[in-house]
Amino acid sequence: MENKDVIFGINGPVVTVKASRSFSMMEMVLVGNERLVGEIIGINSDFTTIQVYEETTGLKPGEPVVGTGSPMNVTLGPGILDNIFDGIERPLKAIAEESGSFINRGSSVPSLDTEKLWDVTVTAKVGDILSGGDFYAECPETPIIRHKCMVPPALSGEVVSVAKDGQYRVNDAIIVLRDKKGVEHKLSLCQRWPIRTPRPVTKRLSPTVPLITGQRVIDTLFPIAKGGTAAIPGGFGTGKTMTQHQLAKWCDADIIIYVGCGERGNEMSQVLDEFSELIDPKSGRPMTDRTTLIANTSNMPVAAREASIYTGITLAEYYRDMGYHVAIMADSTSRWAEALREISGRLEEMPAEEGFPAYLPSRLSEFYERAGMVDNLNGTDGSVTIIGAVSPQGSDFSEPVTQNTKRFIRCFWALDKALAYARHYPAINWTSSYSEYFTDLDPWYKKNAGEDFVKYRKEINRLLQEENQLMEIVKLIGSDVLPDDQKLVIETARVIRVGFLQQNAFHADDTFVPLEKQKRMMQVILHLYQKAHQLVAAAVPISSILETGLFDKLVKMKYDIPNNRLDMFDEYLKEIDEKVAGVLNS
């Protein structure tokens, strides 16, 4: 049978079909004899424009284009965790077994293993009335994550038959649901969902619980809420990927979705190696048991890079709907924006600032607005937290991607080249970073970490700001002319910077620090500052205070005090009191 829809023109990943009436906007299509995956992105009376998610080398005019009748979608079901996909949810492990290190064009390996048997417990009963989001079965996806199968959001009806508990494949029918029209729907362990459509919720909630990361500069100075949005901008070598690795390893989200969007292949292989070796501190199991990687490296087709963050956020929303707290790491949204720019150029659209398309802000907002703490359709609570890395060229934060990202996020962790080159990690600059979650989160901190936590944080912030102003004077005329009380501020700020904000990812006690230890560290630093301030007020020279060695000792307390020996902070407080009294009496 002759196919009337054939390729007319090819321009990189953009393919055109002439005078077609067969396709709808955003429909998923199969392009060419090799059936490459594509998506309809433009339709007019003369041409239909297709964005192809695979390499188009060798494609010829006249080859067929076949519609699927559905939008670009992904398969959602057990088997997503402990897996690695490309930007359009093709399983790279399975493809590697089939075709080696490189993905064959038109590869049609199913996203989820269709032969693997899952131990299914059916929770629905015949006669139950189920609606969108309700659970009807569950199975252990990994030893620490229980996968709950949900009725697709738009479907509701009465359960007319159920399978017995036992082992089933992802496509086996588990229950049969009869809707109001009398149509019966067989529901399996999986469902499909269009990646550009947010999954529906009952209600969006205020973000009132912090995402605890164990990183002091974040948890204390610039906290992010569960269901919040954050950006990590920084130039080459400032530690964006390393910071996201730390957050992925240690944050208290139930599930991590890591999207390597346009990153170098060796970075993604490093993520794979690290995550497979790392033991999850909460469960004692491998980190991969609650992690999914979406790898779309810089040498993969550029259009799939554009789709990868939508694939990632859809997977995150699916687990959120089960009642889990999910954190998605997008590394990096700048590479994604560059893919938008390249495709926009192929489409000959009018460029905006720095060649990016005029719709860059709206696309960024579409992505970040899918974060949130929500009431799910099934009555559970869940959240999606988005942490996106931004790679501005030359560390120029005034470029379009960084500036437009700032419009849609509430947490900005600005990485500083000077800090990174001085080996200060995380290289988050405390003067140019900010968090807008204090009002939402302070009640939680006061209740769970104590009233003092917020008070200490404000005082630490004040000292850092004061030091920043004093250093401007020091650069001009030197530190010798400063009065002793201002020299004390500079010395205390040094302890805060080196002893508190700087953190060692390779030290067993310093890679993750619980909130209580963070609070006690601030307490000891501020106690020394207050006692030293009394000495300065009593005309004791700052040099006598420094000779006690207390400031240098506090710099090292992050290593000297184990996370399970917080009682040692009392000894530090006692020693400060004794040495200060000794200086005062001498």
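**A walk through the predicted model**

Strand β9, residues 118–122, pairs with β14 in the antiparallel sense over three bridges. The model described here is a predicted one.

These two strands belong to an open sheet of four strands, ordered β12-β11-β9-β14 and paired antiparallel. The edges are taken by β12 (145–150) and β14 (166–168); each has a single partner strand, so one side of each is left without a neighbour in the sheet. From one strand to the next, the twist averages 40°.

A helix accompanies this sheet. Helix α5 lies across β11 (135–142) and β12, and runs at about 90° to β12. Helix α5 covers residues 302–321 and contains E317. Is E317 buried or exposed? With a relative accessibility of 1%, E317 counts as buried, because the limit for that class is under 20%. Apart from its neighbours within four places in sequence, E317 is in contact with T197, P198, R199, R370 and V384.

Another helix to look at is α4. Helix α4 spans residues 265–277, 13 residues in total, and reaches 19 Å from its first C-alpha to its last, close to the 18 Å expected at 1.5 Å a residue. Its buried residues are E267, M268, V271 and F275. Viewed down the axis of α4, these buried residues fall within an arc of 100°, so they line one face of the helix. They pack against α3 (240–250), β20 (255–261), β21 (291–296) and β22. On the face turned away from the buried side, α4 carries the exposed residues N266 and E277.

Next come the nonpolar cores. The largest of them has 85 residues, and those with the most contacts inside it are I387, W413 and M557. Which helix gives this core its largest share? That is helix α13 (residues 515–537), with eleven residues. A second, separate core has 77 residues, among them L112, A330, L364 and A371. Returning to I387, and leaving aside its neighbours within four places in sequence, its contacts include L211, I224, A230, I232 and Q244. I387 is also in contact with L247, I328, M329, A330 and W413.

The last stop is the backbone. Most residues other than glycine have a negative phi, and most peptide bonds are trans. Some places in this model depart from that pattern. D331 and S332 are joined by a cis peptide bond, with omega about 5°. S332 sits in the loop between β22 (325–331) and α6 (333–346). Another cis peptide bond joins Y425 and P426, where omega is about -10°. P426 is in the loop between α9 (417–421) and β26 (434–435).

The loop between α9 and β26 also holds R423. The phi of R423 is near 60°, a positive value in a residue other than glycine. R423 is exposed, with a relative accessible area of 58%. M26, which is not a glycine, has a positive phi as well, about 65°. M26 is placed in the loop between β2 (14–18) and β3 (27–31). At 27% relative accessibility, M26 counts as partly exposed.

Conventions
Residues numbered from 1 in each chain as written. Predicted model: local features only at pLDDT ≥ 70, side-chain atom pairs only at ≥ 80, totals over all residues. Heavy atoms only, no water. Core = buried A, V, L, I, M, F, W, Y, C linked by side-chain atoms within 4.5 Å. Buried < 20%, exposed > 50% of the residue type's maximum accessible area, 1.4 Å probe, protein only. Contact = heavy atoms within 4.5 Å. Expected span 1.5 Å × (residues − 1). Arc of directions from axis to C-beta. Pairing = 2+ DSSP bridges. Axes fitted to C-alpha atoms, helices over the stretch in contact; angles between N-to-C directions.
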